[in-house]
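Let's take a walk through a protein together, one region at a time. Keep the 3D view open and turn it as you read.

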Amino acid sequence: MVIKQYPIYYDLITGIVLPYKVSITQGDIDSIQFVVTVTNNGAPVDLSNISSTFTFQKEDGNIVVGQAEVNKENIVYTVGTQEIAYPGKVIATFELYGQN
């Protein structure tokens, strides 16, 4: 059951991402989602033919890569167990894959 969604906005032209710190606790399995909205100079981008992954680098040096769900309007990633299996700071990135 998703309890909290964190919106992320990314513009393809300006490269601007609105980053922020998120606090997640062990045991928050399948209850936290990141929802990414992609724009092109402020205009919404059709994500129908895009795939996406999220990569998490944990403080112990281990890296976790997970497949995100993509629909026409946004990218949704639900945090599982491995992303938060080690205490400390985690750096996360998301990648977009498509024809262009």
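Let's start with strand 8, which gives the most to the lining of the largest pocket, with four residues. Keep in mind that this is a predicted model. Strand 8 covers residues 91-97, and together with strand 4 (51-57) it makes up the elements that give two or more residues to that lining. In total, 25 residues line the pocket, and Tyr 20, Val 22, Phe 34, Val 90 and Ala 92 lie nearest its centre. The pocket's volume is about 720 Å³. What kinds of residues form its lining? They divide into 18 nonpolar, four polar and three charged.

Now follow strand 4 to its partner. Strand 4 and strand 5 form a hairpin with five residues between them, and in the turn you will find Gly 61, with a positive phi of about 95 degrees. The two strands pair in the antiparallel sense over five bridges, and Phe 56 stands opposite Val 64 in strand 5. Look along strand 5 (residues 63-67) and you will see its side chains alternate.

Next, visit the largest nonpolar core, which has 16 residues. Among those that touch the most other members are Phe 34, Phe 54, Phe 56 and Ile 75. Strand 1 (4-11), strand 2 (32-40), strand 4 and strand 7 (75-78) each supply at least two residues of this core, and strand 2 gives the largest share, four residues. Finally, zoom in on Ile 75: leaving aside residues up to four places away in sequence, Ile 75 touches residues including Phe 34, Val 36, Leu 47, Phe 54 and Leu 96.

Conventions. Residues numbered from 1 in each chain as written. Predicted model: local features only at pLDDT ≥ 70, side-chain atom pairs only at ≥ 80, totals over all residues. Heavy atoms only, no water. 1 Å grid on protein atoms, 1.4 Å probe; cavity = no way out; pocket = protein on both sides within 12 Å on 5 of 7 lines; lining within 4 Å. Points joined across faces, edges and corners; volume = space filled by probe spheres on them. Nonpolar A, V, L, I, M, F, W, Y, C, P; charged D, E, K, R; others polar. Buried < 20%, exposed > 50% of the residue type's maximum accessible area, 1.4 Å probe, protein only. Pairing = 2+ DSSP bridges. Core = buried A, V, L, I, M, F, W, Y, C linked by side-chain atoms within 4.5 Å. Contact = heavy atoms within 4.5 Å.
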